[in-house]
Amino acid sequence: LYQRTHYLLPHDDQLDGRAVAFMYYLTSLNQDEGGALCLYDSKDNTPTRIQQKIQPQKNTFVFFRVSAKSFHEIKEVLRGNRLTLTGWFYYA
Amino acid sequence: MLNRYYCENHKNLKEIKQVLDTQEVVSLFDFLEKKEFEQIQKNIQKLPFKYEKNPLTHSYSKAVIPIGLFSNEVLRILSVLTNKEIINITAMTAYKFKHHDYTLLHDTLQQKSDIEIIFNISKWDSKCGGSVLYIDGSGDFIQVPCNANALTIIRTKGRKQFVKYINCKAKKSERIFLQTILL
């Protein structure tokens with residue numbers, strides 16, 4: 001649960017055999033409420049710029065492959081609540 | 001002019017030094033006299049701050065401070081407290097943090113200093129984020145106070161510094177502080 005002022009700064013999620021990261025949104029937030037998942041472009045395994053912003057949309061499942069370039073962040077929630085189920089699928 | 005409390009009484013200085021030696025951090029509140037501090041505030045705000053960002057490490061604006069910002073009296077006090085002969089501070093940087101700014105700890109970060117000095121220029125409320133923290137990996141941390149005109153001396157000893165993300169409660173406010181390292 002992310003509430004007003006909560007955020008997650010850029011990182012790549014790489015840890016112990018994680019293959020895919022997922023988020024299942026239980027609430028919706030519009031653009032001026034913040035809370036977007038931002039996916040970064042990268043060069044030489046360094047994030048360069050935000051390539052895609054995904055606003056939380058209730059009953060939406062988002063996932064991406066975890067790799068040395070899977071840089072992403074959660075923008076600060078400015079209003080409302082951002083409630084998600086989050087986790088990772090691991091390599092067998 | 002330095003606050004008289006810090007320079008007229010040797011007993012005070014001795015006690016401050018003792019705090020630094022035992023707790024590895026000490027903050028000197030109302031460090032400069034009001035008039036001098038306000039002049040420094042004005043001078044710092046006029047500096048040409050330049051914004052820089054690397055998503056994995058930092059987002060802030062910074063400016064280089066001209067040599068000679070602090071009087072000889074201040075240098076003398078710092079020398080006494082740190083056991084280092086400080087003739088001049090040649091590498092001091094002004095940092096400005098606004099909404100969305102931060103620094104992050106990362107694997108390549110190396111705190112090269114023995115002692116760091118932070119001098120707060122702006123008044124700040126820590127509910128807006130922006131706290132300056134030093135961590136040592138054991139779970140212990142040092143938090144630098146955010147009062148304007150407070151000078152904090154930190155014995156870094158392998159601690160790493162980061163600045164918490166500035167959140168939306170800051171609105172248009174900016175946290176400005178000066179930082180220098182003593183090797």
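This is a predicted model: local features need pLDDT of at least 70, side-chain atom pairs count only at pLDDT 80 or more; totals for chains, interfaces and linings use all residues.

User: What makes A:Leu1 count as exposed?

Analyst: Exposed means over 50% relative accessible area. A:Leu1 has 55% relative accessibility, so it counts as exposed. You will find A:Leu1 in the segment before β1 (8-11) of chain A.

User: Which residues form a nonpolar patch with A:Leu1 on the surface?

Analyst: The patch is made of A:Leu1, A:Leu26, A:Leu83 and A:Leu85. Together they have about 330 Å² of accessible area. Leu is on the list of nonpolar side chains, and those are joined within 5 Å.

User: Why is strand β4 of chain B called largely enclosed?

Analyst: A residue is buried when its relative accessible area is under 20%. Six of the six residues of β4 (92-97) of chain B are buried, so the strand is largely enclosed by the rest of the structure.

User: Which residues point one way from β4(B), and which the other way?

Analyst: B:Met92, B:Ala94 and B:Lys96 point one way, while B:Thr93, B:Tyr95 and B:Phe97 point the other way, and all are buried. In a regular strand, side chains alternate between the two faces of the sheet.

User: How do you know that β4(B) pairs with strand β3 of chain B?

Analyst: Pairing needs at least two bridges. Strand β3 (residues 58-64) of chain B and β4(B) have four bridges, in the antiparallel sense. One of the contacts to look for is B:Val64, whose bridge partner in β4(B) is B:Thr93.

User: How many bridges join β4(B) to strand β11 of chain B?

Analyst: Six bridges join them, and the two strands run antiparallel. That meets the cut-off of at least two bridges. Here B:Tyr95 has B:Phe177 in β11(B) as its bridge partner.

User: What makes β8 and β10 of chain B edge strands?

Analyst: Three strands of chain B form an open sheet in the order β8-β7-β10, with antiparallel pairing. The strands β8 (141-144) and β10 (160-163) each pair on one side only. From one strand to the next, the twist averages 25 degrees. Between β7 (residues 132-135) and β8(B) there are four bridges, and B:Tyr134 stands opposite B:Ile142 in β8(B).

User: How confident is the predictor in chain A?

Analyst: On a scale from 0 to 100, chain A averages a pLDDT of 96, and 100% of the residues score at least 70. Within chain A, confidence is lowest in strand β4 (residues 46-54), at a mean of 95, and highest in strand β2 (residues 18-25), at 98.

How values were computed. Residues are numbered from 1 along each chain as its sequence is written. Chains are lettered from A and ligands numbered from 1 in the order in which they are written. Side-chain values use heavy atoms; hydrogens and water are left out. Axes are lines fitted to C-alpha atoms, for helices over the stretch in contact, and angles run from 0 to 180 degrees between N-to-C directions. Patches are made of residues with over 30% relative accessible area and no salt bridge: like charges are joined within 9 Å, nonpolar side chains (Val, Leu, Ile, Met, Phe, Trp, Tyr) within 5 Å. Accessible areas come from the Shrake-Rupley method with a 1.4 Å probe; for residues, only the protein chains shown count as cover. A salt bridge is a side-chain nitrogen of Lys or Arg within 4 Å of a carboxyl oxygen of Asp or Glu. Buried means under 20% relative accessible area, exposed over 50%, partly exposed in between (1.4 Å probe, protein chains only).
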